[in-house]
Amino acid sequence: MSQAQPLISVIILNYNGKTYLNNCLASVLKNNYSNYEIILVDNASTDKSLQTAEQRFGGDPHLRIIKNKSNLGFSGGNNAGYAHCRGEYIVFLNNDTTVDTTWLTSLVDAMQSDSTIGLAQSKI
């Protein structure tokens, strides 16, 4: 990987994900790659998942929250998040996912290692 770390935008779409969202955010925030932003997009959840996430993680400088006034669906919600990204690379991550501490570094290393790579997927 090059000396300067590119900014990575991680989009997490949430709709009534109270069971999963806090674990997802906690795992992403523990990663060992430092130059990233999390765009949490809430699709008008009614289960208090967004409020719980805001209380637990709202002060983290890596996290930005987008609150949709209605459920825009999967593609509409992700597009809303994409509109707010500043990163060189964009990661779409489901809210029921937990990640390893090295996941983002591994993805960036793969992307930076070969200019012909246009897309990378984590090992599941």
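User: Where does Lys 48 lie?
Analyst: Quick ground rules: this is a predicted model, where local features need pLDDT of at least 70, side-chain atom pairs count only at pLDDT 80 or more, and totals for chains, interfaces and linings use all residues. Residues are numbered from 1 along each chain as its sequence is written, and side-chain values use heavy atoms, leaving out hydrogens and water. Lys 48 has a positive phi of about 70° although it isn't a glycine. With helices (H or I, at least four residues) and strands (E, at least two) taken as DSSP runs numbered from the N terminus, Lys 48 lies in the loop between E2 and H2.

User: Is Ala 44 buried, exposed or partly exposed?
Analyst: Ala 44 sits in the loop between E2 and H2, and it has a positive phi of about 60° although it is not a glycine. Buried means under 20% relative accessible area, exposed over 50%, and partly exposed in between (1.4 Å probe, protein chains only). At a relative accessible area of 26%, Ala 44 is partly exposed.

User: Which residues does Tyr 15 contact, leaving aside its neighbours within four places in sequence?
Analyst: Tyr 15 is found in the loop between E1 and H1 and is partly exposed, with a relative accessible area of 42%. Tyr 15 and Lys 67 are 52 residues apart in sequence, yet 11 Å apart in space, C-alpha to C-alpha. Contact means heavy atoms within 4.5 Å. With neighbours within four places set aside, the contacts of Tyr 15 are Asn 43, Ala 44, Ser 45, Asn 71 and Asn 95.

User: Why call strand E1 largely enclosed by the rest of the structure?
Analyst: Ile 8, Val 10, Ile 12 and Asn 14 point one way from E1, while Ser 9, Ile 11 and Leu 13 point the other way, and all are buried. E1 covers residues 8-14, and it's largely enclosed because the buried count is seven of the seven residues.

User: What is the handedness of the crossover from E1 to E2?
Analyst: Seven bridges join E1 to E2 (residues 36-42), and the two run parallel. A crossover counts as right-handed if, with the strands pointing away from the viewer, the path from the first strand over the helix to the second runs clockwise. Here the chain goes from E1 through H1 (residues 21-29) to E2, and this β-α-β crossover is right-handed.

User: What is the bridge partner of Ile 11 in E4?
Analyst: E1 pairs with E4 (residues 89-94) in the parallel sense over six bridges. Ser 9 has Ile 90 as its bridge partner in E4. For Ile 11, the bridge partner in E4 is Phe 92.

User: What does the twist average from one strand to the next?
Analyst: Two strands pair if DSSP finds at least two bridges between them. The open sheet has four strands in the order E3-E2-E1-E4, with parallel pairing. E3 (63-67) and E4 are the edge strands, each pairing on one side only. From one strand to the next, the twist averages 20°.

User: What angle does the direction of H4 make with that of E4?
Analyst: Axes are lines fitted to C-alpha atoms, for helices over the stretch in contact, and angles run from 0 to 180 degrees between N-to-C directions. H1 packs on the sheet, touching E1, E2, E3 and E4, and its direction makes about 170° with that of E2. H4 (residues 103-113) also packs on the sheet, touching E1, E2 and E4, and its direction makes with that of E4 an angle of about 140°.

User: Which elements do the buried residues of H1 pack against?
Analyst: Eight of the nine residues of H1 are buried, so the helix is largely enclosed by the rest of the structure. Among the buried ones are Leu 21, Cys 24, Leu 25 and Val 28. The buried residues of H1 pack against E1, E2, H2 (49-57), E3, E4 and H4.

User: Which residues does Asn 78 contact, leaving aside its neighbours within four places in sequence?
Analyst: Asn 78 lies in H3 (residues 73-82). Its relative accessible area is 8%, so Asn 78 is buried. Leaving aside neighbours within four places in sequence, Asn 78 is in contact with Ile 11, Leu 13 and Phe 92.
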